Amino acid sequence: MNDMRLLQRTQGMNDIKIQANGVDVFYADNHAIKDVSVEIEDKTVTAFIGPSGCGKSTFLRCLNRMNDTIDICKVTGDILLDGEDIYDPKVDPVQLRAKVGMVFQKPNPFPKSIYDNVAYGPRIHGLAKNKAELDEIIEKSLRRGAIWDEVKDRLKQPGTGLSGGQQQRLCIARAIATEPEVLLMDEPCSALDPIATAQVEELIDELKQNYSVVIVTHSMQQAARVSQKTAFFHLGSLVEYGETGKIFTNPEDSRTESYITGRIG
Amino acid sequence: MPIFWLITGVLAIACIGYVLGHRRAMASAGGNLRRLHSLPSYYGLNVVLKSIVPALGLTILWLLLQPIFVSNAVSGMIPDNEIPFGSSRGLVMTEVVRTAKGLNQAVAAGEITEATAQNRNTSVDDLTDALKSAGAVVTSTLTAPVMTAAQAYREVSRKGYLGMSALVLLVATVGALWALRETHPDFRARNVVEQGIRALLIGAASIAVLTTLGIVLSLIFNTVEFFRLYPASDFFFGLEWAPSFSGRGGASQLGVIPLLWGTFYISIVALVVAVPVGLFAAIYLSEYATPTTRAIAKPLLEILAGIPTIVYGLFALLTVGPLLVSVFGAGGALGVNWQGGGRAVMTAGLVMGIMLIPFVSSLSDDIINAVPQALRDGSYGLGATQSETIKQVVLPAALPGIVGAILLAASRAIGETMIVVLGAGAAARLDLNPFEAMTTVTAKIVSQLTGDSDFASPEALVAFALGMTLFVLTLILNVVALYIVRTYREQYD
Ligand SMILES: Nc1ncnc2c1ncn2[C@@H]1O[C@H](COP(=O)(O)OP(=O)(O)O)[C@@H](O)[C@H]1O
Ligand SMILES: [Mg+2]
């Protein structure tokens with residue numbers, strides 16, 4: 001691990017935000033994640049790549065305990081957020097998810113107004129004392145989501161009426177409004193056209209100044225463009241993890257190389 | 001049963017036709033199936049279609065038209081002076097037809113021989129006696145000319161039926177032969193059969209549509225007829241429902257308002273029971289229950305929907321009514337005296353509510369399940385709890401559909417009859433006390449038409465106006481409900 005850090009592309013070192021040790025995930029009898037250990041840094045974009053079905057989404061969903069909503073899913077091993085085990089019985093998954101936000105593959109704005117979509121998290125968690133404060137949070141989140149200028153005149157209109165790319169940025173703004181520390185994104189651009197994708201990628205790049213961002217992506221170009229660290233999964237195992245530059249130019253494992261050169265799909 | 005034998009005959013011709021058509025097709029192809037345009041069974045079916053369809057069509061047409069022609073032919077036999085004062089030729093003809101049927105009955109019962117029944121010289125008294133002992137209806141107006149006319153009616157009818165049988169069998173045979181002649185390898189029997197099936201399906205669909213249309217038209221005509229006898233404004237705005245059965249239309253008060261009030265009051269009580277319980281049950285089943293619980297509970301709940309409403313009515317009358325009286329009645333558990341008898345708005349409303357629970361819950365369950373999982377995930381991903389997610393995301397998203405489901409339930413409540421008859425009583429009353437007996441539009445339709453009534457009096461015809469009112473109300477509710485449900489569906493496709 002230390003050797004890799006020497007090759008770090010970005011200047012300076014960041015703290016470890018999430019640390020996973022020997023994580024296994026089972027869907028009933030299906031062993032979906034096999035003994036994965038990984039350290040995710042703060043203020044960094046980490047990309048998960050790998051062929052579909054290799055467990056990227058499953059592992060991502062372990063990080064904010066979204067797997068709890070699936071009855072048959074069992075998670076073992078340790079996942080530490082700022083050194084605290086998130087699977088500890090003392091931890092309330094609901095509160096955890098406020099700290100570890102999530103953006104999904106398909107934009108899923110609620111059938112409410114744009115304003116109410118973004119206000120959803122702050123209202124639930126009581127982040128605003130009054131209307132003015134809430135307005136402020138919403139404007140700030142929408143600006144951070146790079147969509148303020150497009151929607152500032154139509155905050156009362158339904159979020160479902162926006163275009164796909166706008167909807168996804170709205171969902172990102174919605175996630176930001178809860179003031180999470182980590183933002184998990186599961187293929188956030190797979191339903192978007194190239195222009196919207198570029199907008200979202202630009203946004204991700206800005207977000208890393210404040211958050212630890214973990215992004216699952218199918219596109220290796222995207223991983224190379226937006227991430228500093230890349231983890232390559234294959235058949236439920238973490239095959240290789242390191243600097244994005246190194247993974248893409250000089251992978252250590254032959255499976256990583258095969259995937260990157262297009263031989264495993 | 002001549003018609004039965006006639007149809008058997010036509011079917012026999014069709015069967016033979018099928019076999020012949022099948023054989024002929026095979027033979028014409030020299031035993032080589034590939035030379036045939038269609039499979040041999042299609043050639044057989046072609047023969048069947050062409051023999052059955054025209055034959056049965058002719059039978060139906062003939063059966064519909066013959067009575068009209070025969071009546072026309074026979075009615076000339078009745079001299080004008082035989083028509084009693086205040087009666088009409090039509091009424092006398094009804095008598096003739098009835099007598100003719102009575103004679104058939106007498107012959108079938110063995111009271112007289114066929115020859116005696118046909119013989120014009122048999123005395124009217126003998127025939128009348130035979131009719132009486134055969135149990136047929138005999139009125140004082142059964143005079144000699146009527147009896148003669150009845151005999152003539154039978155005679156002409158018998159000839160008509162004979163002619164029909166012969167003609168129908170002929171048509172069936174000609175159709176079969178025609179189809180057999182067509183049978184050669186290039187004939188597109190498959191396409192012909194396809195069109196035949198299409199026509200059959202169109203026929204079924206048009207019967208469904210036409211009967212609905214017919215029912216609506218008869219409602220409209222009778223309602224118009226009613227409004228000719230009774231002023232529409234009194235009907236729609238009258239505050240009193242007090243029909244008299246003396247036959248003097250003027251004495252009746254036929255205001256619909258007390259009945260509508262009863263209908264709405266009972267329906268509202270029912271909805272107040274059914275909507276929360278049904279909705280909560282649906283939320284539990286779709287959001288909280290494990291798959292096993294759901295697999296057991298959902299069918300159980302839906303069994304409630306399969307219970308005939310008369311059983312609910314019994315439940316209301318025998319269980320819920322007395323129970324309510326023991327609580328709200330004089331000397332009851334609460335020490336109040338609100339409820340006099342078991343039959344009350346409350347009784348019927350509660351039981352109707354129970355009846356509607358599965359209806360509301362199973363519709364709402366489907367609608368809640370149709371809310372995309374992605375929305376729930378989005379909410380959980382923001383740190384919302386399950387009940388917050390349901391309250392703030394799932395239910396608002398499902399709301400239009402749920403409103404639709406409630407409107408559909410309301411229209412069922414408005415149309416419900418048996419529970420009201422047994423649970424709410426028959427007193428039309430404008431009252432606010434829910435422990436008072438009241439009645440509804442449907443229950444009154446039943447009571448206006450049961451028992452001896454003259455179907456031309458306003459007291460009987462009002463049933464159609466009531467039916468029309470109900471029909472329009474439920475139609476509006478259903479249209480609004482379906483509209484809401486459909487707009488909702490489009491949202492998530
Ligand atoms: N909800 C689920 N129930 C059962 N099995 C699942 C579920 N989600 C994913 N899996 C299984 O887990 C494995 C990994 O899936 P996933 O994490 O979605 O892969 P990826 O996101 O890399 O394409 C697959 O074999 C998949 O079939
Ligand atoms: Mg995935």
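Buried here means under 20% relative accessible area, exposed means over 50%, and partly exposed lies in between, with a 1.4 Å probe and protein chains only. The model is predicted, so local features need pLDDT of at least 70 and side-chain atom pairs count only at pLDDT 80 or more, whereas totals for chains, interfaces and linings use all residues. Residues are numbered from 1 along each chain as its sequence is written, chains are lettered from A in the order in which they are written, and side-chain values use heavy atoms, with hydrogens and water left out.

**Stop 1: a pair in one helix of chain B**

Select B:Arg158 and B:Glu155, which form a salt bridge (a side-chain nitrogen of Lys or Arg within 4 Å of a carboxyl oxygen of Asp or Glu), with their closest N and O atoms 3.8 Å apart. The two are three residues apart in helix α6 (residues 144–182) of chain B and are therefore separated by about one helical turn; helices are DSSP runs of H or I with at least four residues, strands are runs of E with at least two, and both are numbered from the N terminus. B:Arg158 is partly exposed at 38% relative accessibility, and B:Glu155 is partly exposed at 23%.

**Stop 2: salt bridges in chain A**

Because A:Glu179 sits in the loop between α7 (164–177) and β7 (182–186) of chain A and A:Lys140 in helix α5 (residues 131–144) of chain A, the pair ties together parts that are 39 residues apart in sequence. Then select A:Asp205 and A:Lys208, which meet in a salt bridge of 3.2 Å, N to O; A:Asp205 is partly exposed, at 35% relative accessibility.

**Stop 3**

Over all chains, the count comes to 27 salt bridges.

**Stop 4: where chain B meets chain A**

Finally, display the interface, where 19 residues of chain B are in contact with 22 residues of chain A, contact meaning heavy atoms within 4.5 Å. The buried area (the accessible area, with a 1.4 Å probe, that two parts lose on being put together, summed over both) is about 1,600 Å² between chain B and chain A, and carbon and sulfur atoms give 64% of this area. Highlight B:Gly381, B:Leu382 and B:Gln392, which supply 35% of the area that chain B buries against chain A, more than any other three residues. Across the interface of chain B and chain A, zero salt bridges are found.
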